[in-house]
Amino acid sequence: ITLAITLSLALSPAIADAKFLWHATKRSAAKKISTQGFSQKKMSDEARFGKGIYLSKSRNTALKEKPNADTVLKFKDTKNLKNNHINLTHPSNSKLKNLSGDKDLRGNVHKGIIGPDLGRKIGNNAGKADKNIIYRSAKDPKRTNVFIPSRVYKRHPDIIRKQGIENVR
């Protein structure tokens with residue numbers, strides 16, 4: 001499927017307002033990510049947008065997304081992340097149809113939250129287009145998250161810069 005993705009390259013408030021981006025995980029995984037970067041092997045095809053890195057604009061939202069986490073990693077974004085994204089914080093049906101190739105969206109979007117079947121199609125297409133996705137959190141709908149497809153991270157491992165690790169418990 002070939003999609004024409006038309007995007008504004010202007011800075012999105014969804015990323016530009018964030019001082020840091022957060023990733024919640026277990027302490028042992030945080031140490032590995034901190035020294036080796038994110039592992040492609042640990043990225044799940046079954047995640048909401050597929051294989052990739054999931055970050056949040058809010059530390060608390062990151063912890064809501066991963067409630068069994070005992071550590072959060074803090075990252076700073078880059079111009080590459082800010083300038084190469086698809087903003088799905090308020091997705092329109094026409095935009096979702098264009099990004100996914102689906103004509104029928106019934107059951108795939110609920111109150112602006114994109115479900116995993118549709119999300120994985122969009123995530124795959126975003127990776128092919130070298131784009132990241134800004135989207136609303138399912139666990140904290142007033143907050144936004146960032147998805148970096150595994151393809152994008154593989155090509156641009158410096159798309160985010162580690163700032164530190166914080167223990168939660």
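Leaving aside its neighbours within four places in sequence, with which residues is T61 in contact? The structure considered here is a predicted model, in which local features need pLDDT of at least 70, side-chain atom pairs count only at pLDDT 80 or more, and totals for chains, interfaces and linings use all residues. Residues are numbered from 1 along each chain as its sequence is written, and side-chain values use heavy atoms, with hydrogens and water left out.

T61 belongs to helix 3 (residues 59–65); helices (H or I, at least four residues) and strands (E, at least two) are DSSP runs, numbered from the N terminus. Beyond those sequence neighbours, T61 is in contact (heavy atoms within 4.5 Å) with S56, S137, D140, R143 and N145. With a relative accessible area of 0%, T61 is buried. That word stands for under 20% relative accessible area, whereas exposed means over 50% and partly exposed lies in between (1.4 Å probe, protein chains only).

Six of the seven residues in strand 3 are buried. Strand 3 runs antiparallel to strand 1 (residues 21–25), and five bridges join the two; strands count as paired if DSSP finds at least two bridges between them. Strand 3 also pairs with strand 9 (residues 160–167), again in the antiparallel sense, over seven bridges. K74 takes part on both sides: K74 is the bridge partner of W22, and K74 stands opposite G164 in strand 9. The charged end of K74 also sits over the ring of F20, 4.5 Å from its centre. K76 lies over the face of F20 too, at 5.7 Å from the ring centre. For such an arrangement, NZ of Lys or CZ of Arg must be within 6 Å of the ring centre and within 35 degrees of the ring normal.

Aromatic rings come next. Rings of Phe, Tyr and Trp (its six-membered ring) pair if their centres lie within 6.5 Å; planes under 30 degrees apart count as stacked, over 60 as edge-to-face and the rest as tilted. By this rule there are six aromatic pairs. One of them is the tilted pair of F38 and F75, 5.7 Å centre to centre with 35 degrees between the planes. This pair links distant parts of the chain, 37 residues apart: F38 is in the loop between helix 2 (27–36) and strand 2 (52–56), and F75 is in strand 3 (residues 71–77). Y153 is buried, as is F38.
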